[in-house]
2 protein chains.
Amino acid sequence: MTKFEPRISIITLGVKNMKKARSFYEALGWKAGGPSNENVTFFQGRGIILGLYGHDTLAEDAGIETAPQPKFRGSSLAYNVASVSEVDEAFAHAIACGAKSVKQPEKVFWGGYSCYFSDPDGHLWEVAHNPFVKFSDDGHLIMGQE
Amino acid sequence: MTKFEPRISIITLGVKNMKKARSFYEALGWKAGGPSNENVTFFQGRGIILGLYGHDTLAEDAGIETAPQPKFRGSSLAYNVASVSEVDEAFAHAIACGAKSVKQPEKVFWGGYSCYFSDPDGHLWEVAHNPFVKFSDDGHLIMGQE
């Protein structure tokens, strides 16, 4: 049996208002990619594509009934940076772009510094500085194997 | 203001049973990384880390009230492969590992071939073949810019 390679091609976030969601991520720093149109947006990232798709259309694509979303949806996306001050700056930038503050930047129990915000559709992002990890040249976290 | 770089460091999935969730992703093909323990698992991927954390603990970390999850949570993770037969193989492998079938592999309206499954905690994955995209040497999708 062929195993999965350890990679994720696309993270697709369901959105209620494509124009608003796209503008938010563009302001944040992402650039829309090739086949984007009024129904779908792809942001070419380093090692991953961030996609935006209609909330109900995404549910329909998977053949699942759509549903009202609770505030906590059981997952988060993390953007790690190299210092405490970069967490503060990234948080301030996200809020300036229209993100909703979920948790102000603060020291956390595992020895790092982090905050949470949500995008216009309620998708949860953490911005974190973890002094115990390294970055690759293109900004990816390197944790190594057990 | 410093913009975000187009990268995502970690995708963290909230789980109810760490041992079960970790075993599922290990069987799928991911390898646990450095600081993993009974409360958290990190899988070192190419360009992204997949994290598993307690469902309620993740909500608490963000300072949000936890909540029962609807079947559709408003987002999906996609694993793209290079052919129709690889979609079938990956789907069969996921099901053999204990994934729940959400949508059997089938031709889709945008010209590709895809299926959906959910992990033991209900997180939604798509496996897709898109004949219109290219892969980098390390298996990432390249869509280019608009």
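In what order do the seven strands of the open sheet stand? The order is β2(A)-β3(A)-β1(A)-β4(B)-β7(B)-β6(B)-β5(B), with mixed pairing; two strands count as paired if DSSP finds at least two bridges between them, and helices (H or I, at least four residues) and strands (E, at least two) are DSSP runs numbered from the N terminus. This is a predicted model, in which local features need pLDDT of at least 70 and side-chain atom pairs count only at pLDDT 80 or more, while totals for chains, interfaces and linings use all residues. Residues are numbered from 1 along each chain as its sequence is written, and chains are lettered from A and ligands numbered from 1 in the order in which they are written.

Because β2 (40-44) of chain A and β5 (100-107) of chain B each have a single partner strand, they stand at the edges and one side of each is left without a neighbour in the sheet. β2(A) pairs with β3 (residues 49-54) of chain A in the antiparallel sense over five bridges, and Phe43(A) stands opposite Leu50(A) in β3(A).

Two helices of chain A touch strands of the sheet, contact meaning C-beta atoms, placed from the backbone, within 7 Å. Angles run from 0 to 180 degrees between N-to-C directions of lines fitted to C-alpha atoms, for helices over the stretch in contact.

| Helix | Angle to β3(A) |
|---|---|
| α1(A), residues 18-28 | about 160° |
| α2(A), residues 55-62 | about 100° |

A rotation of 180° with 0.0 Å of shift along its axis superposes chain A on chain B (RMSD 0.0 Å), by least squares on the C-alpha atoms of residues with pLDDT of at least 70 in both; that is the relation of a two-fold axis.
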